[in-house]
Amino acid sequence: MASPRVSVVIATHNRAGLVGQAIKSALGQSVRPAEIIVVDDGSSDATPQMLSEYGNDIRIIHQPNRGRSAARNAGVEHAQGDIITFLDSDDVWLPEKLEKQLAAFEVNPSAGLQHTFSDVVDAKGAHLPRETRHRRQLYRRALRRGYTYEGMSQECIMFLSTVAVRRECWARVGPMDASIPAFEDWDWYLRAAMQTEIATVPEVLVHFRKHAGNTSSQDFFEGR
């Protein structure tokens, strides 16, 4: 049986200095994705010029600035893969991320959605031990609680750059709600939990980048 085709969706806005590292980490996977779709959500910096340097290695979609959820939804609309994966433009995948997620889907066919663990790095990519230890504690607590609607309703420790979803699961759940300023992915995971089993690859396969451009505390407050 042929391996599922994997689509990578990267939404970006004014991250000319970071999105290249995200793209390179997708291109450097031990199992090469079928396509990498980068949605430029109305960038006004050098992002369009930087993206053009990747030529046919990526597909670029330009749209007016409508927010990251609208950009992700647009990426999925253009995706052709059986598995949809997301990579925030300031994060980085480890080389075996896709390979291990495809293997996990194969052994758990009832799971329509899965995620991996992540650690935390700073703006320059240096490891942040304290933040990573705290995140590891949250992951352990999430595993004990379970990735069910009830388990995730009060707290959700799942980051979009770690997520892979079967296309048919995305179709059943529907697109992300572009009106939510933050935690829009949390809303989507809760909706998904009512439709499918959620699986976990309990291994750090993503570097989550902590920097000044992360979502603001006010947006998180409003999103919650």
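Which order do the strands of the open sheet have? I read S3-S2-S1-S4-S7-S6-S8-S5, eight strands with mixed pairing. For pairing I ask for at least two DSSP bridges between two strands. The edge strands are S3 and S5 (92-93), each pairing on one side only.

**Ground rules.** I am working with a predicted model, where local features need pLDDT of at least 70 and side-chain atom pairs count only at pLDDT 80 or more, while totals for chains, interfaces and linings use all residues. Residues are numbered from 1 along each chain as its sequence is written, and side-chain values use heavy atoms, with hydrogens and water left out.

**Overall.** I find nine helices and eight strands in the protein. These are DSSP runs numbered from the N terminus: H or I of at least four residues for helices, E of at least two for strands. The C-alpha trace spans about 45 × 45 × 35 Å along its principal axes. I checked the radius of gyration too: a compact globule of 224 residues would have one near 17 Å, and the protein's 16 Å agrees. That value is taken over C-alpha atoms, and the globule rule is 2.2 Å times the number of residues to the power 0.38. Buried residues make up 52% of the 224; buried means under 20% relative accessible area with a 1.4 Å probe, protein chains only.

**The S2-S3 end.** I looked at S2 (residues 35-41) and S3 (residues 59-63), which pair in the parallel sense over five bridges. Val39 has Ile61 as its bridge partner in S3, and Asp41 has Gln63.

**Helix H3.** Next I followed H3 (residues 68-78), which packs on the sheet and touches S1 (6-12), S2, S3 and S4 (83-86). Its direction makes about 145° with that of S2; axes are lines fitted to C-alpha atoms, for helices over the stretch in contact, and angles run from 0 to 180 degrees between N-to-C directions. Why is H3 largely enclosed? Eight of its eleven residues are buried, so the rest of the structure largely encloses this helix. Among them are Arg72 and Asn73. The cover includes helix H7 (167-173) and H8 as well as strands S1 to S4.

**Helix H1.** I noted that seven of the nine residues of H1 (residues 19-27) are buried, so H1 is also largely enclosed. Those buried residues pack against S1, S2, H2 and S5.

**Cores.** Which residues touch the most other members of the largest nonpolar core? I get Tyr147, Met152, Trp188 and Tyr189, out of 34 residues. Such a core joins buried Ala, Val, Leu, Ile, Met, Phe, Trp, Tyr and Cys residues through side-chain atoms within 4.5 Å. Helix H8 (residues 184-193) gives the largest share, six residues. A second, separate core of 22 residues includes Val8, Ile23, Ala26 and Leu51.

Key. Buried < 20%, exposed > 50% of the residue type's maximum accessible area, 1.4 Å probe, protein only. Contact = heavy atoms within 4.5 Å.
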